[in-house]
Amino acid sequence: MLKVGVDMAYTIKKLTMEDLTMIKSFFVELFTKEPWNDDWSNENQLTAYLTERCGAFNSLTYGYFNGDEMVGLSAGRIIHWCTGTEYCIDEFGIRADLQGRGVGTAFMKDIEKQIFADGMVQIYLHTERDVPAYNFYKKLGYHIIGHAFDIPDVGTHYVMWKKT
């Protein structure tokens, strides 16, 4: 258990498909607002997308909790590569009212501690340079690898990574 701020205790928990209803609710609340403004009104698309992220044989999804309330989500996958096993984060977010208060940093450090203890050698993800997440990851020691790439109707993305 990690304490962040005054009288706030946070715990990390691996999530499964049994948690899909909670994951969907949190995901929609987070990613349909600034800076993403994604339209997740199609329930079938939402369920399929999150099932791909949370229900595949190599999925690794974490929730960050204050008591029973989810305040953070990391949905990704484990990838076995010739240089070692990696955690690829597809989605990461902290509840909007807790952003900028150290909760995201604490969550990411708890994820790093867990995956490195499990023998994984690196974490990687991609993000846009003009959203707050980019500087958040840089502050945590993530580095750009490779070249920028464009996702139509979304923007220019960069792959970022951190090794053990």
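Mentor: Start with the outward face of α2, which is turned away from its buried side and carries the exposed residues Asn44 and Glu52. Exposed means over 50% relative accessible area, buried under 20%, and partly exposed in between, with a 1.4 Å probe and protein chains only. This is a predicted model: local features need pLDDT of at least 70, side-chain atom pairs count only at pLDDT 80 or more, and totals for chains, interfaces and linings use all residues. Residues are numbered from 1 along each chain as its sequence is written, and side-chain values use heavy atoms, leaving out hydrogens and water.

Trainee: Around what arc do the buried residues of α2 lie?

Mentor: The buried residues of α2 are Leu46, Tyr49, Leu50, Arg53 and Cys54. They sit on the same side of α2, because the arc they cover around the axis, taken from the directions from the helix axis to the C-beta atoms, is only 115°.

Trainee: Which elements are included in what covers the buried residues of α2?

Mentor: Contact here means heavy atoms within 4.5 Å. One helix is included, α1 (20–31). The cover also includes the strands β3 (59–66), β4 (69–81) and β5 (84–94).

Trainee: Which residue caps the N-terminal end of α2?

Mentor: Helix α2 covers residues 43–54. A side-chain oxygen of the capping residue lies 3.0 Å from the backbone nitrogen of asparagine 44. The cap is asparagine 42.

Trainee: What share of the residues of the protein count as buried?

Mentor: The protein has 4 helices and 8 strands. Of its 164 residues, the buried share is 46%.

Note on methods: Helices (H or I, at least four residues) and strands (E, at least two) are DSSP runs, numbered from the N terminus. The expected span of a helix is 1.5 Å times one less than its number of residues. A polar contact is a pair of N or O atoms within 3.5 Å; within protein, one must be able to donate a hydrogen and the other to accept it, and residues adjacent in sequence count only if both atoms are side-chain atoms.
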